[in-house]
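This briefing covers core packing and helix contacts in one protein model. The sequence and structure come first, followed by notes grouped by topic.

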Amino acid sequence: MEVYELFHPELIQLDFNASNKADALHQLAELLKKSGRLSNVEDFEKALQKREDQSTTGVGDEIAIPHAQDKSVTEPVIVFARQNNGVEWESFDGQPAKLIFMIAAPTGAGDAHLKALAHLSGILMKPEAKKALLEAQTPTDVIAILKQYSQKADETEKAEDKVEAAVEADLTAKEASKDETPYILAVTACPTGIAHTFMAAEKLKSAAEAKGYHVKVETNGQAGVEHKLTKKDIDAADGIIVAADKNVPMARFDGHRVVITKVADGINIPDQLIERALKGEAPIYHAEGSSDESDDESGEGESIGRKIYKHLMNGVSHMLPFVVAGGLLIALSFFWGINSANPDSDSYNQIAAMLNTVGGFSFSMMLPVLAGFIGQSMADRPGLVVGFIGGLLANPTVLSGQGILADSQPSGFLGALVAGFLSGGIIYVLRLAFKWLPKSLEGLKPILLYPVFGVLLMGILMIYIVNAPMAAIMTGLTDFLTNMNEGSKILVGIFAGGMMAIDMGGPFNKAAYVTGTGLLATAMQTPGSHGSDIMAAVMIGGMVPPVAIALSATIDRNLWPKAQADSALVNYVMGAAFITEGAIPFAASNPLKVIPSMVVGSALAGAISMGLGVYSAAPHGGIFALLFGGITNPLGFLIAWAAGSIVGALLLIILLRNGKTKEEK
């Protein structure tokens, strides 16, 4: 299907007027329903918003391409709207969207609409096509423009297939004739594999062709890999660019200089990327197991703090399922009594003992998994092995009475964090140390040398250097928190709860959550422990924002655009399940009013939770943790959650109402 065939005059608005992104999506969905091609506006808006939550569809250069599949759509179509003053769309380049193309397709419609989107992305990257669309006078003009450039794109694609074959022949001739025409390779990919992937590809191709260079771009899109780079391409290339926001096959570039960057750079600065690739400024890429140190794959220009954060989050994301499973199973065992897993207790129960034992095993995996996957993020599989052993040596349940380890102090959560980052450093040092080995022994490194020497070094460092000071810090922190007076505990609750609402899933939120789980892990090593009061404050603080937003929409639906007001009610469930991220779309639409309200509500909830002595034996689950028996003082838990949610909602209502114009009121 040609892209222009998806446009219809009745689905084109050249005098569009929307106040914000949510309003624009709602108006476009209503227009689609009016045409008879959509049966349920609400369901389709949710599908569109779900896509926006993954990453913005504002692709820059004053263009937005929202898109979704849903069973309520009867046929694949594109709705086009032009708004001269633009709509804020959180685009890569910060520009509001003047040209909005909403792609709608039925569920299960295959990849036809994705291919059409790829063609549309290519057309919109041509300045003359965009200029023509901005100047179009009628819907018929719009379709004619798209048809014209779509046909040109088809001709270009056919020509590129011929050129690709000719390039290969030319490259063969190049070796004989010493042809100096540069040959540029690129790979583009984005998390969803749709618009940004193809726009970056088009920009890079256009920039290279404008300079007279040979170029080939591989796209890792939703419909699969297209124009796949061959070994011959890679060996002959004068410059290689990988503009991707997700993992793409990289081992094929071993030994070549590769510019590794984000997909947005492929769209915004293609000329700079090409020049850097040709000047040889990029580091040589080394695949896993090569003799040289691994270079940075995380993107050029990324700060040290950002890299550390990404490594840490890789460990935390793999650790959480173990903590959640262990914590909830242990909490469930309390249903028969706090000592029901103890054979010497009068309340002993075999089911409780089984739940407690299995949950304990899951919990004991927390530190090895945390350290192992931090190491894996830094140094691939060798780092995983070394980090896993480091986390194991930091685990108190493993150290007890184990020979030489009997005198080694367990360092707990902090020790595992140190072990994770140490593992990456150890592998880095070993790669340098064994760099002199001949190529014939390359295979021995990842399977023998790195694991054996890495584990040995990690054992020495953890037992004789890391465990003692980290254990002292962890013990001191735990004692300090345990012995705090009532006022200090409330202050900690304010910070713990408030941090959960500052960025709702970002660094502040994760810092509070990681601290809570670390203290919970330490507390759960004590037999008969009820869990952690800080973990409870953190969890309640994270449950407040979604519920406060849902409550505000229930009290006054006019606070939010219709699409957001409808979807806000889902946040009751998300908040109850401790999924703070449900509040993000609402916070993003008006951060200066939403975030302060949420922070105050969450901080209040954290303070009340600490003041009432609420403890949690589970690191997640929200209301389900309470139902499983993982929360002490359930009434206090509910009071803190309700108070924070109500205060947050009231503040939100006040701030949003005061910000409205007389007409909006």
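**Core packing and helix contacts**

Beyond its neighbours within four places in sequence, Trp-560 is in contact with Ile-549, Ser-552, Ala-553, Ala-565, Phe-586, Ser-589, Val-594, Leu-652 and Leu-656. The model is predicted. Trp-560 is also among the residues with the most contacts inside the largest nonpolar core.

**Nonpolar cores**

- The largest nonpolar core has 86 residues, and Met-319, Phe-413, Ile-549 and Trp-560 have the most contacts inside it.
- Helix 18 (residues 533–555) supplies the largest share of this core, at 13 residues.
- In soluble globular proteins, nonpolar side chains tend to be buried together.

**Helix 11 and helix 12**

- The axes of helix 11 (residues 350–364) and helix 12 (residues 366–393) lie 4 Å apart, and the two helices pack at an angle of about 25°.
- Angles under 35 degrees count as roughly parallel, so helix 11 and helix 12 are roughly parallel to each other.
- On the helix 11 side the contact involves Ser-362, Phe-363 and Ser-364, which meet Met-366, Leu-367 and Pro-368 of helix 12.
- By residue class, this contact between helix 11 and helix 12 holds 4 nonpolar, 2 polar and no charged residues.

**Helix 4**

- Ala-129, Lys-130 and Leu-133 are buried in helix 4 (residues 127–135).
- These residues lie on the same side of helix 4, because they cover an arc of only 100° around the axis.

Key
Residues numbered from 1 in each chain as written. Predicted model: local features only at pLDDT ≥ 70, side-chain atom pairs only at ≥ 80, totals over all residues. Heavy atoms only, no water. Core = buried A, V, L, I, M, F, W, Y, C linked by side-chain atoms within 4.5 Å. Buried < 20%, exposed > 50% of the residue type's maximum accessible area, 1.4 Å probe, protein only. Contact = heavy atoms within 4.5 Å. Axes fitted to C-alpha atoms, helices over the stretch in contact; angles between N-to-C directions. Parallel < 35°, antiparallel > 145°, perpendicular 65-115°, else oblique. Nonpolar A, V, L, I, M, F, W, Y, C, P; charged D, E, K, R; others polar. Arc of directions from axis to C-beta.
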